[in-house]
Amino acid sequence: IVSTTHNIYNSEEEDPGRLLLSGMVNPYSMKCRCLPHGFYTCIPTLLATIGWLATLTEDGCNYAIIEGAMVTEMTTNPDMPFLEVGFNRYREASLNDDGTWAIDYYQLCKYYNEDIVNIDGVWKFSKVVSFLALVFAGAAVLLIWFSSCFIFSRNTWKLIGCELLTATVLKLLSYSWLATSMCRSNTCSISYGAKADIVACVLWFISGVLVLLRYPNPKLANPPTSTNATTS
């Protein structure tokens, strides 16, 4: 009598993580292989990765554009109309040959003079939550990429979704930077950095929802076919 076992688990009770712990799953089936959860994992994986990379394209001083009296105080140039600012540094505008002011992205960013710029509590809070958003999103992206090779339990899959949604909330909270004393006393408008964070928030949110809405049941690799000879 030849019996072939098809290791396809479609219920929570047959979660491969639980079966492995209970000894009911052959460790052979837990080896790295291509897309054990199917192609569904590719969607949230790519979305989360693109969102994380979008935040990394910021250079630290292109979060917003500031106009007002603070520009003159920071640059001692009364003719300069605006600056591009970020959480840690800022970039001055350059005067073109045609008499217009523009941002020269080849220009190095400068650190704030805290004797002039008030780094208040809102500013510090924004920096912290923005950093934590990158940590949570980075951890989620790393884990979800492993799902393209290894089988994840339901709890691990849900953890990834929770990390992505947490990163979304934290990144949204970082927009409180626009309520700093510097922006309240001047005019601040979002620039590339803030727009890149919007893209990241949207992609992380969609990816997190996709992860939490569906657990792609894995198809475990079949162990070598066993032949059981039965004599009667």
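Tyr63, Phe87, Tyr90, Tyr112, Trp123, Tyr175 and Trp177 form one aromatic cluster. The model is a predicted one, in which local features need pLDDT of at least 70, side-chain atom pairs count only at pLDDT 80 or more, and totals for chains, interfaces and linings use all residues. Residues are numbered from 1 along each chain as its sequence is written, and side-chain values use heavy atoms, with hydrogens and water left out.

**Aromatic pairs**

The structure holds seven aromatic pairs. Rings of Phe, Tyr and Trp (its six-membered ring) pair if their centres lie within 6.5 Å; planes under 30 degrees apart count as stacked, over 60 as edge-to-face and the rest as tilted. One of the pairs is Tyr63 with Phe87, which is tilted, at 4.7 Å centre to centre and 45° between the planes. This pair links distant parts of the chain, 24 residues apart: Tyr63 is in the loop between α2 (42-56) and β2 (64-67), and Phe87 is in the loop between β3 (83-85) and β4 (89-95). Helices (H or I, at least four residues) and strands (E, at least two) are DSSP runs, numbered from the N terminus.

The ring centres of Trp123 and Trp177 are 5.3 Å apart and their planes stand at 80°, so this pair is edge-to-face. Trp123 belongs to helix α4 (residues 121-146) and Trp177 to the loop between α5 (154-173) and α6 (181-184), so the pair ties together parts that are 54 residues apart in sequence. Both Trp123 and Trp177 are buried. Buried means under 20% relative accessible area, exposed over 50%, and partly exposed in between (1.4 Å probe, protein chains only).

A charge also sits over a ring: Arg89 lies over the face of Tyr111, at 5.7 Å from the ring centre. The rule asks for NZ of Lys or CZ of Arg within 6 Å of the ring centre and within 35 degrees of the ring normal.

**Cysteines**

A disulfide is a covalent bond between the sulfur atoms of two cysteines. With a pair of cysteine sulfur atoms within 2.5 Å as the criterion, the count comes to two disulfides. Cys61 is joined to Cys109, S to S 1.8 Å. The two residues lie 48 residues apart, Cys61 in the loop between α2 and β2 and Cys109 in the loop between β5 (101-103) and β6 (110-111). Cys61 and Cys109 are both buried.

The other bond is between Cys183 and Cys188, with the sulfur atoms 2.1 Å apart. Its S-S torsion is about -90°, so the disulfide is left-handed.

Relative accessibility of selected residues:

| Residue | Relative accessibility | Class |
|---|---|---|
| Tyr63 | 3% | buried |
| Phe87 | 12% | buried |
| Cys183 | 7% | buried |
| Cys188 | 22% | partly exposed |
| Cys42 | 27% | partly exposed |
| Cys162 | 41% | partly exposed |

Helix α2 has 15 residues and reaches 21 Å from its first C-alpha to its last, close to the 21 Å expected at 1.5 Å a residue; the expected span is 1.5 Å times one less than the number of residues. Its buried residues are Pro44, Thr45, Ala48, Thr49, Gly51, Ala54 and Thr55. They pack against α4, α5 and α7 (192-213).

Ser191 is in the loop between β7 (187-190) and α7, and at 8% relative accessibility Ser191 counts as buried. Neighbours within four places in sequence aside, Ser191 is in contact (heavy atoms within 4.5 Å) with Asn62, Tyr63, Ala64, Ile65 and Glu84.
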